[in-house]
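Reader: Hi! I'm new to reading protein models, could you walk me through this one?

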Amino acid sequence: MAHIKHFGMQDVKRLCDEYEREKECNNSDLRIDPERTKYNYTMLPRRIHYQLAYDLTKRVNELPHSNRKDLTVMSTWVVTLPEELKQADEATKRRFFDATFKYTQEMYGAENVMQGYVHMDESTPHIHMPIVPVDRETGRICRKNVFTPAELKAYHKGLEAVMEKEFGVRGLILNGKTKGNYTTKELKERTRKENELKEREAALDTREANLDALERRFETDRASFSAKINKLVSELQNVLDEANYDLEQAKNTSKALTEAEKKKALAKVSHYDNIQDNVDYDRERAERLSREVADLYRGYDGAEYGLQV
């Protein structure tokens with residue numbers, strides 16, 4: 001009836017093609033009937049092509065967020081028209097989608113709900129509502145803090161209440177179906193998928209928490225490394241300047257260096273080498289930490305983001 005999927009910035013172009021039915025929209029499976037696309041509509045005015053990409057990028061740039069390439073910047077609720085309303089008139093269907101969109105705006109903030117795309121050109125009418133997942137407490141973009149299991153249940157329960165008030169009928173959301181009645185086999189399969197979803201979501205949350213912790217450690221260590229390297233490089237330059245100055249002085253005065261002066265010069269060279277070794281060591285530590293972060297990101301890239309209830 002209603003399910004949610006999560007996407008990164010790299011997915012937005014493809015989703016614009018699909019949601020807005022741009023020319024590049026992939027219809028290789030023939031799920032879209034081009035003759036009926038003219039009946040599609042949006043909840044908000046659409047002024048330009050790829051409106052979603054423009055609005056989403058603008059909103060993301062307004063909010064504090066991680067710079068991770070795999071950051072979830074958009075979560076999309078997809079709500080399907082219940083079987084009970086499929087034979088209703090177009091005005092009634094529109095009431096259903098209007099109420100769904102308004103409720104979603106109230107849940108997540110109108111400024112974070114980018115659009116509502118109603119598709120009437122597929123087998124079952126449905127609405128896509130892309131949302132920037134903003135944590136209410138921190139104001140940061142953070143999918144795992146917004147779409148918790150409790151939140152997903154609350155969304156369904158709240159939408160059910162909205163529809164009961166709108167149509168005077170119970171079960172359009174929580175018990176509604178897009179087709180027919182559930183058999184025992186279907187109920188068992190649904191339960192199995194829900195359990196798999198919970199396990200996958202728990203694994204994703206754990207992995208994302210590890211990423212967040214590693215990212216904080218990386219930022220702290222990087223700042224520390226940077227400060228140390230800058231200090232060492234400055235010290236290195238001072239030693240080099242002193243050595244060059246002594247050399248020039250010796251050349252200008254044509255003076256033979258005493259044993260004490262030779263030892264002093266050699267000590268500066270040794271000090272220079274020690275500083276250079278420290279710089280190289282800290283740079284190597286920083287690079288090793290960067291590789292550790294990159295390896296964990298690659299492991300996270302393969303994770304399944306789709307969540308369905």
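Predicted model: local features only at pLDDT ≥ 70, side-chain atom pairs only at ≥ 80, totals over all residues.

Reader: What about contacts, how far apart in the chain are the partners?

Author: Take the contacts in the protein chain with a separation of 6 or more: 77% of them join residues 24 or more positions apart.

Reader: Let's zoom in. Is helix α1 mostly enclosed or open?

Author: Helix α1 is largely enclosed by the rest of the structure, because 6 of its 8 residues are buried. The buried ones are Val12, Leu15, Cys16, Asp17, Glu18 and Tyr19.

Reader: What do those buried residues pack against?

Author: Their partners are strand β1 (2-8), helix α2, strand β3 (72-80), strand β4 (117-119) and strand β5 (126-131).

Reader: You mentioned α2. At what angle do α1 and α2 cross?

Author: The axes of α1 (residues 12-19) and α2 (residues 51-62) cross at roughly 135° and come within 8 Å of each other. That angle makes α1 oblique to α2.

Reader: Which residues meet there?

Author: From α1 there are Val12, Cys16 and Tyr19, and from α2 there are Leu52, Ala53 and Leu56. Sorted by type, the contact of α1 with α2 has 6 nonpolar residues, no polar ones and no charged ones.

Reader: How far apart are Lys58 and Glu62 along the helix?

Author: They are 4 residues apart in α2, which means about one helical turn separates them. Lys58 is partly exposed, at 46% relative accessible area, and Glu62 is also partly exposed, at 44%.

Reader: Which salt bridge links distant parts of the chain?

Author: One that does is the bridge between the side chains of Glu22 and Arg46, at 2.7 Å from N to O. Glu22 sits in the loop between α1 and β2 (41-42), while Arg46 is in the loop between β2 and α2, 24 residues apart.

Reader: Is Glu22 buried or exposed? And what about Arg46?

Author: Glu22 counts as buried, at 9% relative accessibility. Arg46 counts as partly exposed, at 34%.

Reader: What does Arg14 pair with?

Author: Arg14 makes a salt bridge with Asp11, 3.6 Å from N to O. Arg14 is partly exposed at 44% relative accessibility, whereas Asp11 is buried at 17%.

Reader: Now the backbone. Where is there a positive phi just after α1?

Author: That is at Arg21, with phi of about 55°. The value is positive in a residue other than glycine. Arg21 lies in the loop between α1 and β2 and is buried, with a relative accessible area of 16%.

Reader: And what is phi like at Leu30?

Author: Leu30 has a positive phi of about 60°, although it is not a glycine. Leu30 is in the loop between α1 and β2, and it counts as exposed at 68% relative accessibility.

Reader: Last one: where is Glu208?

Author: Glu208 is in helix α6 (residues 184-253). At 6% relative accessibility, Glu208 is buried because the cut-off for that is under 20%.

Reader: How far is Glu208 from Lys144?

Author: Between their C-alpha atoms the distance is 8.0 Å in space, and the two are 64 residues apart in sequence.

Terms used:
Residues numbered from 1 in each chain as written. Heavy atoms only, no water. Axes fitted to C-alpha atoms, helices over the stretch in contact; angles between N-to-C directions. Helix = DSSP H or I, 4+ residues; strand = E, 2+ residues; numbered from the N terminus. Parallel < 35°, antiparallel > 145°, perpendicular 65-115°, else oblique. Contact = heavy atoms within 4.5 Å. Nonpolar A, V, L, I, M, F, W, Y, C, P; charged D, E, K, R; others polar. Salt bridge = Lys/Arg side-chain N within 4 Å of Asp/Glu carboxyl O. Buried < 20%, exposed > 50% of the residue type's maximum accessible area, 1.4 Å probe, protein only.
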